[in-house]
Structures are given as C-alpha cells and as structure tokens.
Amino acid sequence: MKSFVEKRRKEILIIVILTVAGGFLFWKYGYHWLKGIRYLLLMGFLVVLGFIDREKTIIPNRILLCMLGIRALLLMGECAVFPEYSAELLKSAGFGLLEGAGIFLVAYLISRGNIGMGDVKLLGVIGAYLGAALIWWDMVVCLFLCAFYSIVQLLRKKLKMKDSIPLAPFFTVGTILILLMGF
C-alpha cells in the first residue's frame, strides 16, 4: 500500500509550486496581502478543478459556489481596506463575472451544448476573481493553449475532430501563467 505522499505526489508538488508562485507574486509585484491571497486561492481551486475535469469531465457546482463565497468575503475585505476604491472593486468583480460567463454562455448556445455549462460557470467565477479587464486576457491565453494542444493532438492522431476535451485544465494553466506574468 502506497503512503499518502506517494499517492498524492503530483498534488503536493503543485501546492508547493503555487506557494512559491504566491511568494513570487507578493515580492515581484508588491501585491497587497488580500490580493495575494485571492490569487493563491484562485490558483489552488483551479488546480483542483483541472484535475477533476480531466478525470471526470465535470466541474462541481459546490466548488464553484465555495469559490464565489470566498471571493465575496475577500471583496468585502478589500472594500474595507480600500474604501476609496470599493465601487471600482465591486464593478470590476461583477463585470468580470458577467463577461466571463456571458461570453461562454453565448459560445455554449452557438455550439449547441458542446461547451459545457460547467465551463460557463467556471469562467464567471474566474472573472469575479480576476476582474473585468483580466478576464479577457485569461480567455485569450487559455483558448490559445487549448487550440495549440488540440492541433498537436490532431496531428499526432490522438484526437479526432468530434472528440471533446476538458477545458478546466487549460483555464488552470492559462490563469496561472497570466498571474505569474503580472497582467
């Protein structure tokens, strides 16, 4: 029987990497501790969702609701610490949620369900964390990564045109990339 550490080696490595990445964000970009915690939590949740979506092709609503609740608490904290920017913080988080979910809702409707509703909700939650301006960059980077992966797999004949792939892993990698690049 394998020990807990041996079974969860990937997850532990990812947590260590995220912790180091969080420290980098604090140091390099001079983030306020609330913003740093917001980004660390977002990255951690996305890693979990990426694994779940890759293995089960589902994005659990419970985790998304938990993420929204935590974002609401962090938003209240940010508004309390920066009362002069509270209106901007609220608008950015709200419009980020609406833009992320709205664009993917349109894609869901156009694709007739080929994009899952979990992906629509996930983009809304990511938008609430990143804000209205960053959600656009996030979508571009994530969809580029997804397209690149798909093309490579099609050329390798590992995928067919009718196959579907989970999007959460690409949103995980893309979001972490834009946060580490300081967008």
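**Before you start**

Residues are numbered from 1 along each chain as its sequence is written, and side-chain values use heavy atoms, with hydrogens and water left out. Because the model is predicted, local features need pLDDT of at least 70 and side-chain atom pairs count only at pLDDT 80 or more, while totals for chains, interfaces and linings use all residues.

**Stop 1: helices α7 and α8**

Select residues 132–155, which are helix α7, and residues 168–180, which are helix α8. Helices here are DSSP runs (H or I, at least four residues), numbered from the N terminus. The two axes come within 8 Å and cross at roughly 130°. An axis is a line fitted to C-alpha atoms over the stretch in contact, and angles run from 0 to 180 degrees between N-to-C directions. That makes α7 oblique to α8; the word covers what is left once angles under 35 degrees (roughly parallel), over 145 (roughly antiparallel) and 65 to 115 (roughly perpendicular) are set aside. The crossing of α7 with α8 is right-handed, meaning that the near helix is turned clockwise from the far one by less than a right angle.

Now show the side chains where the helices meet. On the α7 side, select L134, W137, D138, V141, C142, L143, L145, C146 and Y149. Their partners in α8 are F170, F171, V173, G174, T175, L177 and I178. Contact means heavy atoms within 4.5 Å. By residue type, this contact has 13 nonpolar, two polar and one charged. Here Ala, Val, Leu, Ile, Met, Phe, Trp, Tyr, Cys and Pro count as nonpolar, Asp, Glu, Lys and Arg as charged, and the others, Gly among them, as polar.

**Stop 2: L143**

Stay in helix α7 and pick L143. At 39% relative accessibility, L143 counts as partly exposed; buried means under 20% relative accessible area, exposed over 50%, and partly exposed in between (1.4 Å probe, protein chains only). Leaving aside residues up to four places away in sequence, L143 touches F104 and F171.

**Stop 3: helix α5 joins in**

From α5, highlight S92, F95, G96, E99, G100, I103 and F104; they meet A132, I135, W136, M139 and L143 in α7. Sorted by type, the residues of this contact are eight nonpolar, three polar and one charged.

**Stop 4: aromatic rings**

How many aromatic pairs does a search of the whole structure find? There are five. Rings of Phe, Tyr and Trp (its six-membered ring) pair if their centres lie within 6.5 Å; planes under 30 degrees apart count as stacked, over 60 as edge-to-face and the rest as tilted.

Zoom in on F104 and F171: the ring centres are 5.6 Å apart and the planes stand at 70°, so the pair is edge-to-face.

Next, pick F144 and F148, a stacked pair with 6.5 Å centre to centre and 20° between the planes. Both lie in helix α7, four residues apart, about one turn of the helix. F144 and F148 are both exposed. To finish with the rings, select Y29, Y31 and Y39, which form one aromatic cluster.

**Stop 5: L180**

Return to helix α8 and find L180. With 29% relative accessibility, L180 is partly exposed. Beyond residues up to four places away in sequence, L180 touches A21, F24, L25 and Y29. The C-alpha atoms of L180 and A21 are separated by 7.1 Å, although the residues are 159 apart along the chain.

**Stop 6: two loops**

Finally, look at T57, in the loop between α3 (33–56) and α4 (61–81). Its phi is near 50°, a positive value in a residue other than glycine. T57 is exposed, with a relative accessible area of 59%.

K157 sits in the loop between α7 and α8. K157 also has a positive phi, about 60°, although it is not a glycine. With a relative accessible area of 73%, K157 is exposed.
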